[in-house]
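Me: I'm new to this one, and I'd like a close look at a single part of it. Could you walk me through the salt bridges?

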Amino acid sequence: MPPQLQPKFISTYEKLLQSPAIIPPAEKRFWDDVFCLAPDVFWLHNKLSALGREGLLGTHQHVVTAIFAAAKVEFGTVQEKPQKETPLSGASSGSTQVPPAGSSFVEVEAITTLRRINAGRTLHIVSQTILSVPGITGWEIMDVLAGGVGVSDTVFTELIDSLANTMGNESESSEMRHCTLQLALVLACGLGQLSPGAYFLNQDIFPAILSLIRSPATSRYSFEAFLLLSVLANYHRADAGSLNPYLKHIRETRDESLMHGLLWVTRFACARSVKEYRDLHDDTPPSFTSTVSSIFSAFRPTPTPPPMKAIFSKQPIEASVILLSFFLLLSQNQAFRAMFAETIHPDPIESQSSRPSSPKLQATRSSSGTPRNAGTSLGSPRARPSSLIMAGRSSSIASVMQKAQTQVQFHQNICCAPELVSLASYVLAHAGTATAGAAEVDTKARGGVGRAEAYACLVLDILGQCVADGDIMRAMCSPPVKGGVVVWLCRQRVPLLPLRTEPAPLICSVLDVCTLYLRHNLSKKLDCRAYLLRGFALQGALGGGSTAVETVVAEAVTVLDLAVACADGFLPSPESVHQLVAAQYEMVRASPTLRAINKQQQKGKHSQGLQSLLVTIEFYEDQLEGTKSADDVMRVLAREIERDGVHGVSAREREEPGIISGTGDIAFVRWACADGLALMSTPSEFQTPVAPIERLPGFEMSFWIATMNSKSLFALPFIFQVARGAVVLSAPAQTFDGVGGSGAWWPHDLYQFPESVRQNVSNLLFSEQGLGLSSYRYNLGGGGLGVSNPTRAPETFYVSQGVYNWSADAQGIYFLKAAADRGVPQLTAFVNSGPYDFTTNGYSCGGVFKNGTEAAYGQYIADTLGHIINDLKIPISYISPFNEPDSTFGPVPCGQEGMQTTPYQRAAVIEGVYDKLAAKGLKVGIMADESSNLGQAQSEYATWLPKVLDKVAVLCHHTYDFPTDANYLSYVNYAKSIAPTKQTWMSEVCCSVGAADASDRKWSGGYDPTIRGGLHFASMMMQSFIVVQEPHYDFWTLLSSIFYFLPQDGLIYYDPAFATNGNYQLYITKHYWTMKHFGNFVKPGTVRHAVDGSSTRILAVESATTFALLAINAYTTQTTIPVSFQNTSLVLQPTHVYRTSTSEDFASVSLPTFSNGSWSLVLAPTSLTTWVFSKSS
């Protein structure tokens, strides 16, 4: 069995990382070549990880250091544009490259960018592997990555400087900036609190992070940017927070775009996390149907459900780490708190410093208290805590249920509070159920908390901040906004909270969340290291051992004291007050414990509250002596409270609860770094969506990454895109020149078909009811001498110099005239081979263009085109004098015509043709050179193109190398640099069979008439039109007689044995129908507009009267994309929607709906859809 060939990247790194270790090359040229190779990140990560700690920090450390150093240098390379005058002195000796002589700046810039991206990805993998080594220390990191502690200052300073410059440079490509952001995030999360992290404090990269969030091209990566900012802001925050520049920026920023972005990201990350919980265990209340079904299923044995610890052991998903960023801004920035409050309720209730008490209580209250309860009565105004316990009491509790009729402002569209509270309910309900992994066991062994508990503490800190802020609290206590999002609370653990039957203020859900936490965690034996409890005030501190118990006790005392003191402020009736105080019967029974606690808390912060509480408890302890039942207790309490109010309340003077300063986020940062690294790790296989997300206000969308692996950061940018929707930009991107295909070689056969079939073929290709092609390429034959296949041997008009047989090639002329008659605006004649007089071997293949015949060849071309244009009245727009001139297609006998024309001959041939056309007065443009692939064209243009730049109308190329986006862009940028006034056209491709998204495009045999084959080529058209912005696209043969065994090269197929079996049937593929979408709407003169904010490539085409949007869904689940238009003066009306899918062929489907400024475009599974809008201003 022959050995398998390895990709060059793998073979190179196999040598670098071989055992025993070698000394890696130091030559820059070697590393330049290495970084031209796209890294196989999966393979490299596994290869490095296999070395283990001993290899990475020992035997192969020098190799890893060399790779890191070379990648750092390449990554930091900045390409400066050349000046008209180059200074002789003062040039920087840093990482700036100067284009070598003979090279264009654009070409060098494209190569440099490619190397920098590959170097950045290499740094990413190397850094992540090293930083993931268990127990690695700061000096070990500096030793292996920098090459030693002595040089670490220089290495890390330069690296972080490069990170800041690249992320903040809006002229860099979004791919380059995103790659840099991911590298910075890996470094920040991997370094954590280790000493090398201080380098991020020395160089403030906040402006660069802000630029990523604000820039339209990179706002989709805001999740990573916010995570990076929060990790950096927490670096040694406990002991050096005043020195942290990121924390200072967070406190002082007033940038609304940053705050809007965080609210957006938080909203959808929380929704994604909640969906993951519910996918694991559906907690939707049973419907009538499901209830009836359960009655019958109850008689059947059911499997035992898995335990909660097994189900939710990995929850919450890593995307929930955005809560750290949210908490930082919420706790540090007043402007953000105000904005967050406004998103909760646009017109909150007013705060009241005093409230009238219940009329019932006042009516029965004595004006003067007893000697033991002197002072104001229960309902009198008195000092109360600044945060609202239950705001709006004076307006009656019933007002809470009224729907607010207020104008919804812009901030309502970014409201994340319902999703946040919903996620809080799931996190807190399961805080004690998650199974500890190895990392958590290690953390707990060192006195820390596990991941689930850390998330629970962080959530409680967030809710605590909300409760402590007056504006947020008023918003949460306000009546629910009409049409607002319903907060769904966790119902996965029994006993369940009762379902609400009517809308309620958000504060009710917050209280329910606290109830969930206490219900499912206080009911068990207290384990301070497993989960640290917070009281109803949602305050507390992280810690271990007795500290946590003291905190819980102090908070419990505060809650009880506040409840008794403020009972009339939030309870609706005297009876409710009686019931609350009756609960003190349990405290009366526990009074010995409280007295013991009081002795230990004499100097504690909450000692006054405990002493005040004991005063009240001791009073009722005496009053309740001798009672024998609960009814007796209630009668005694009712009598005492009705007469004198709650004992001891009016005499209390307590300190106001201060602003909550939770420290859960400081302890949480370790888990934030771990989750950040997990998100940045090489993602496992992504799955296509299965279930839609709940509708959020203002959006109609599918949550199309719903079933991905939980490590979903790589798709979070797409969540952000879908959330915002796509926007059709106002500025034009390019003007189209047409869509078409060629007339080789099928006219030879089809001319023998009945006239009705020939007319049908003509209509299928050239009429608007058919493909509506705007370009047709006529094959100007060379006579077919030496070609073994008669179908591929087109006749020639040429007999000898000046002698022609104008009756030849009736087959080709028939369909050329059919195209002209049906109004195809662009007709091109292309030559595979000249006649026998113009080739070195006298054949139509296997030879080279004969030097010295350039003028004669030009005359032949001019005479032929003159006949077609003037005599046959068929307008020819362009001539291609050689097609794929890089090959002879020999030896004879050949499979097709071919005439090699070397790069050194092409200029002379073009000049010969140009001169003769001009002499004959023919206005026909010359297109060249139709090289087989982009690499070939790019390497040969400099040889011939500058000599005839003024004689070439269009640069045409084929894409049989099936280029990546980067390679395609590299070619187009190079072509613009060498011929800035010329367009590049894609004039031929075929013969690729693969995935619908064309991600595996390549030269391949096979026959695929299905929707997959049609979308495969449609995706390649999208690449040409959108990625590299070319204006023209031609497929190869429009019809083919090849079935099943050879490369797919037709849109319509016919039986090759038609002459013997009489089968004249046409077999139309899905490729034909997908091509019709482009043929019908991408016309010469129409204008493409870029579409921002969508991972789906949407082709937006504007004509004089319409806007057409073409989009491909290459996957097997339906999705919906909201699309708006930047030009708000446009008045659009949907008129038609056409779809090609597995079961539809350019079928008319339902029109899109419009809401909240966006059109909802529904993309059916594996389909191409076109939405057509009429337009007016």
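Reply: Let's start inside helix α2 (residues 28–34), where D32 and K28 sit 4 residues apart, so about one helical turn separates them. Their side chains meet in a salt bridge, 2.9 Å from N to O. By salt bridge I mean a side-chain nitrogen of Lys or Arg within 4 Å of a carboxyl oxygen of Asp or Glu. Helices (H or I, at least four residues) and strands (E, at least two) are DSSP runs, numbered from the N terminus.

Before going on, this is a predicted model: local features need pLDDT of at least 70 and side-chain atom pairs count only at pLDDT 80 or more, while totals for chains, interfaces and linings use all residues. Residues are numbered from 1 along each chain as its sequence is written, and side-chain values use heavy atoms, leaving out hydrogens and water.

Back to that pair: D32 is buried at 11% relative accessibility, whereas K28 is partly exposed at 48%. Buried means under 20% relative accessible area, exposed over 50%, and partly exposed in between (1.4 Å probe, protein chains only).

Helix α23 (residues 470–477) holds another pair, D471 and R474, 3 residues apart, or about one turn. Their salt bridge spans 2.3 Å, N to O. Here D471 is partly exposed at 31%, and R474 is buried at 18%.

K1070 and D1145 also form a salt bridge, with their closest N and O atoms 2.5 Å apart. This one links distant parts of the chain, 75 residues apart: K1070 is in helix α43 (residues 1070–1081), and D1145 is in the loop between β23 (1131–1140) and β24 (1147–1148). K1070 is buried at 12%, while D1145 is partly exposed at 37%.

Finally, a network of salt bridges links R906, D929 and E940. The structure holds 25 salt bridges.
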